[in-house]
Amino acid sequence: MPGYTLAPSILSADFANLQAALGLINRSAADWVHCDVMDGHFVPNLTFGMPVLRALRPHTPKPLDVHLMIEAPERYIDAFADAGADILTVHYEVSPHLHRTLAAIRARGMRPGISLNPSTPVEVLTDILPAADLVLIMSVNPGFGGQQFIEQTYSKLRRLRALADALNPGLVIEVDGGVTLANAGALLAAGATALVAGNAIFGTPDPVATIGQFKAIGPE
């Protein structure tokens, strides 16, 4: 089985039955559960926060990969740690004291991640990359599921892979937005080591089988 991480995004699951979505992920070959937290300020959408995450935590043994698309994420590090997050990713664009924020995330026992919007170049991470466990490249503009994939992502991944090889070889490079069975291999070939998929999984008749198809893909 290819050695990359697959994180189904519950943003695309049935919000009226998230426990069932977790059960589906538990039965599958997926590695993590991706949770998108949005505040209606940094991005034009609202999803869920700590109470929902806390309710989800007992229903899966798999790591909760929590992506904060919110302003002032440093205010909520303790709350998300207490709610059960395993990986906590914050946006470069709203984190002026990023080194301090990543250190605080790690101090609470979580793996710290940095996310970049499509228009933010990877080169801004040169001085902070060694402090992160993960970088999440947004391949759509954050805020909504089901958007069209931005083709410039491939070039961005290759540049980040080169930067990581020099500064942090163990870095997890994650991609979120418009990931499908058709482009997964190319994303892995460009340097991704983790993929987030939402509609491409939960929008299919048999999500468990689709997850199996994703996990069978290797770099093209």
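In the predicted model, arginine 108 is partly exposed, its relative accessible area being 34%. This residue forms a salt bridge with aspartate 82, in which the closest N and O atoms are 2.8 Å apart. Through salt bridges with shared partners, Asp78, Asp82 and Arg108 are joined into one network.

A further salt bridge is formed between arginine 106 and aspartate 133, with 2.9 Å separating the closest N and O atoms. Here, too, distant parts of the chain are linked: arginine 106 is located in helix H4, and aspartate 133 in the loop between E5 and strand E6 (134–138), 27 residues apart. With a relative accessibility of 39%, arginine 106 counts as partly exposed, while aspartate 133, at 19%, counts as buried, because the buried class comprises values under 20%.

The loop between E5 and E6 also holds glutamate 123, whose side chain meets that of arginine 159 in a salt bridge with an N to O distance of 3.0 Å. Arginine 159 is part of helix H5 (residues 153–167), so this pair ties together parts that are 36 residues apart in sequence. Both partners fall in the partly exposed class, glutamate 123 at 40% relative accessibility and arginine 159 with a relative accessible area of 31%. The salt bridges in the model come to a count of 8.

Of its 5 residues, 5 are buried, so E6 is largely enclosed by the rest of the structure. Leu134, Leu136 and Met138 point one way from the strand, whereas Val135 and Ile137 point the other way, and all of these residues are buried. E6 pairs with E5 in the parallel sense over 4 bridges, and in this pairing serine 115 stands opposite leucine 136 of E6. E6 is also joined by 5 bridges to strand E7 (residues 172–176), again with the strands running parallel, and leucine 134 stands opposite valine 172 in E7.

Definitions and conventions: Residues are numbered from 1 along each chain as its sequence is written. This is a predicted model: local features need pLDDT of at least 70, side-chain atom pairs count only at pLDDT 80 or more; totals for chains, interfaces and linings use all residues. Side-chain values use heavy atoms; hydrogens and water are left out. A salt bridge is a side-chain nitrogen of Lys or Arg within 4 Å of a carboxyl oxygen of Asp or Glu. Buried means under 20% relative accessible area, exposed over 50%, partly exposed in between (1.4 Å probe, protein chains only). Helices (H or I, at least four residues) and strands (E, at least two) are DSSP runs, numbered from the N terminus. Two strands pair if DSSP finds at least two bridges between them.
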